Amino acid sequence: MTVRVVLADDQPLVRSGLRVLMADAPDIDVVGEAGTGAEAVQLVRDTGPDVAVMDIRMPGMDGIEATGLITAAAGATRVLILTTFDDDEYIYGALRAGASGFLVKDMALDDILGAIRVVAAGDALIAPSVTRRLITEFAARPEPALHPRPVGNITEREREVLTLVGRGMSNSEIATHLYISMATAKAHVARLLTKLEARDRVQLVITAYETGLVTPPR
């Protein structure tokens, strides 16, 4: 399957660079470019891409607002945030708005293409190390719950799995930690997504923090 992509960044050089990088990937097709959040929203409505690669800092409507509008639509395009960890403090807000993951602008080409494919396939697990860095740098922005509150109708085992997902563990790491098979770990994560009505794994991470199952590092 060909993944149809929209690129949204206010820097033309960044957009053209990404387009060139993706040109040799036979399964990725850039169907349009936008320089503002408003342009990105309209372009997504017009072209219906699988993934929008979205910068956060853009003039007028920023990437967070644009992400919320895009992901709220029926049959929503999935959004992959494009940013830098060094100067961008808005990733948490973008993920809460419905983004499925994030790219760092200086990532290797294979990692960028891989992240787009993963998000297009309906997942949000990119590199566990990147997820952990997100948790460390950004999940502590809102005040976490002082005490864990009930998390829907989940079992004790699912609660354990949710806690480990919130700590940035991959399915294989969860399986090893809990002495269960990889298939069982995947099944637990799938049930959590359904029970908590989470869009993807990133939202499970957010839920783990907002309910106090995981506390931010200090």
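The following dialogue reads selected features of a predicted model.

Me: What is the secondary structure of the protein?

Reply: In this predicted model, the protein has 10 helices and 5 strands.

Me: How many of the strands belong to the sheet, and in which order do they lie?

Reply: The open sheet holds 5 strands in the order β2-β1-β3-β4-β5, and their pairing is parallel. At its edges lie β2 (28-34) and β5 (101-104), each of which pairs on one side only. On average, neighbouring strands of this sheet are turned by 25 degrees against each other, with direction ignored.

Me: How many bridges join β1 to β2, and which residue stands opposite Leu-7?

Reply: Strand β1 (residues 3-8) runs parallel to β2 and is joined to it by 6 bridges. Leu-7 has Glu-33 of β2 opposite it. Helix α2 (residues 37-47) packs on the sheet, where it touches β1, β2 and β3 (51-55). The direction of α2 makes about 135 degrees with that of β2.

Me: Is Val-3 buried or exposed?

Reply: Val-3, whose place is in strand β1, has a relative accessible area of 4%. Residues under 20% count as buried, so Val-3 is buried.

Me: Which residues is Val-3 in contact with, leaving aside its neighbours within four places in sequence?

Reply: The contacts of Val-3 beyond those neighbours are Asp-27, Ile-28, Asp-29, Asp-50, Val-51, Ile-116 and Ala-120. Val-3 and Ala-121 are separated by 118 residues in sequence, while their C-alpha atoms are 9.1 Å apart in space.

Me: What share of contacts in the protein joins residues at least 24 apart?

Reply: Of the contacts between residues at least 6 apart in sequence, 68% join residues at least 24 apart. Buried residues account for 50% of the 218 residues. The protein exposes about 10,300 Å², of which carbon and sulfur atoms supply 52%.

Me: How is the packing of two helices described?

Reply: Two packed helices are described by the angle between their axes and by the distance between those axes. Here, helix α7 (residues 156-166) packs with helix α9 (residues 182-195) at an angle of about 95 degrees, and the axes are 10 Å apart. Angles of 65 to 115 degrees count as roughly perpendicular, so α7 is roughly perpendicular to α9.

Me: Which residues meet where α7 packs with α9?

Reply: From α7 come Arg-157, Glu-158, Val-161, Leu-162 and Val-165, which meet His-188, Val-189, Arg-191, Leu-192 and Lys-195 of α9. By class, this contact of α7 with α9 comprises 5 nonpolar, 1 polar and 4 charged residues.

Definitions and conventions
Residues numbered from 1 in each chain as written. Predicted model: local features only at pLDDT ≥ 70, side-chain atom pairs only at ≥ 80, totals over all residues. Heavy atoms only, no water. Axes fitted to C-alpha atoms, helices over the stretch in contact; angles between N-to-C directions. Helix = DSSP H or I, 4+ residues; strand = E, 2+ residues; numbered from the N terminus. Parallel < 35°, antiparallel > 145°, perpendicular 65-115°, else oblique. Contact = heavy atoms within 4.5 Å. Nonpolar A, V, L, I, M, F, W, Y, C, P; charged D, E, K, R; others polar. Pairing = 2+ DSSP bridges. Buried < 20%, exposed > 50% of the residue type's maximum accessible area, 1.4 Å probe, protein only. Areas by Shrake-Rupley, 256 points an atom, 1.4 Å probe, with all protein chains shown as cover.
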